[in-house]
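Subject: Structure for your review

Dear colleague,

Please find the structure below, followed by an account of what was found in it.

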Amino acid sequence: LGCHQGKIDPITHSHHDVSRPGGKCVNCHMPLTTYMQRHPRRDHGFTIPDPSLTRDYDIPNACNRCHEDKKTDWAIEWTERWYGERMNRHTQRRARALAEARRGKEGADVRLVALLSTEGSAFWRSAALGLSAPWLGRNPDLQRALFDSLGDEAPLLRATAARMTDSLLADPGLPQQVRSPFETQVSKLLTDPVRSVRIDAAWTLRRTLSPDSDAGRDLKSYLLYNSDQPTGAMQMGTYHLDGRNAGGIDEAIKWMRKAVDWDPNTPLFHQSLAMAYSTKGEQAEAVKSMERAHKLEPQEVMYAYNLALGLSAMERFEEAEEALGLTVELDPEFTRAWYNLALVRNRLGKSQEAVDTLLKVTELEPGNVTYITTRATILRDMKRYEEALIAVRQAEGLTPGAPLLLQLRSSLLKAIRLRSARPTERSP
């Protein structure tokens, strides 16, 4: 009541007896939470209990944390009865936007854009921006929000924007007319008055930044200072992998192995080491590291998928098929995994299963010409020329005049004519 004295009547607001735990402000808005399995303390999020977020996203709520014998639907019923439309508030929409972005839901980027344009807190705008990486390359509205944040008055937001620009610039397909303004804007942050902003800007530009410049030396000093911790060692490895005039792939692997030795239970470290081994061409070591990451977190889609790609590169196709099958089981809408599953099945001689898989992925992403063209190619190899021709014409409807499709259609028509002209064999 230090802030709300005279504004809130505890009895009518809480609907609980103020002499009991349910009537205490802190028990609803600062529930006691045990951190690190041993440290009980009040949650300073000052959140509003919302059982609907528990139902939809498994976000805990104070009602059910107290009433452990009741179901979530019971708590939803009472909050709706007591507070009605007051539950439909900005903080709930914010929580939904962030929860859906964390889960990579379709359309989550639209909610992030809305949140970035309406949220007054730089902290929450920073949180929203920090979840935008999966959509930055293809959502111009998010790109504009990111660019504007690079010049925001809040240092926290400038630092986050600098870090997120790294994920944008890492996209090899990013057009130069998009890339250049971001590089210019981030370069300005190398002399920002706040060191954390300068460091994040230098990290984003590490691929082109001279290590002998003021910003380059500052970045290297920061990395060395933190390199006695697992996360710092991993970041040092990434620096050597990416940075200009850095130690190169062998130095990167040395630091990444150190991070894994210090913290063998973080799957992301194993995945990063796997990528470094793959870059060096040591595919067997890459697969071993991905297997460790997948074993630590078997329900993580990308670990299963990257393991499958490594197995496929080693032509261990039966194992790759199993890993890709798990990937699409974990995420049935992961179109690239379905496509790779079709390719692996075709390599295993399961041509019809490959065709069926490609039909499935085309249902999920009907505008992707590659999926249709690959199906046509497999049908051609199966000598099912008429079906292959239908697939080619379907692809041509999406990209008319494509040279590859014209060539494929011509070869199919020729094969159909030759088969039609061939004399029918008769029994003597």
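A128 belongs to helix α8, residues 122-129; helices (H or I, at least four residues) and strands (E, at least two) are DSSP runs, numbered from the N terminus. The model is predicted, so local features need pLDDT of at least 70 and side-chain atom pairs count only at pLDDT 80 or more, while totals for chains, interfaces and linings use all residues. Residues are numbered from 1 along each chain as its sequence is written, and side-chain values use heavy atoms, with hydrogens and water left out.

A128 counts as buried because its relative accessibility is 0%; buried means under 20% relative accessible area, exposed over 50%, and partly exposed in between (1.4 Å probe, protein chains only). Apart from its neighbours within four places in sequence, A128 is in contact with L98, L112, L115 and L116, where contact means heavy atoms within 4.5 Å.

Helix α7 (residues 108-118) also meets helix α10 (residues 140-149): their axes come within 9 Å and cross at roughly 35 degrees. Axes are lines fitted to C-alpha atoms, for helices over the stretch in contact, and angles run from 0 to 180 degrees between N-to-C directions. On the α7 side the residues are D109, L112, V113 and L116, and on the α10 side D141, L142 and A145. The residues of this contact comprise 5 nonpolar, no polar and 2 charged. Here Ala, Val, Leu, Ile, Met, Phe, Trp, Tyr, Cys and Pro count as nonpolar, Asp, Glu, Lys and Arg as charged, and the others, Gly among them, as polar.

The largest pocket has a volume of about 1100 Å³. A pocket is an open set of points on a 1 Å grid over the protein atoms alone, where a 1.4 Å probe fits, with protein on both sides within 12 Å along at least five of seven lines; lining residues have an atom within 4 Å of a point. The volume is the space filled by probe spheres set on the points, which are joined across faces, edges and corners. Of the 40 lining residues, H13, C25, C28, H29 and P49 are the closest to the centre of the pocket. Helix α5 gives the largest share of the lining, 6 residues. By class, the lining has 23 nonpolar, 12 polar and 5 charged residues.

Two backbone positions may also interest you. F46, in the loop between β2 (39-42) and α3 (51-57), has a phi near 50 degrees, a positive value in a residue other than glycine. K383, in the loop between α23 (369-381) and α24 (385-398), has a positive phi near 65 degrees.

With kind regards
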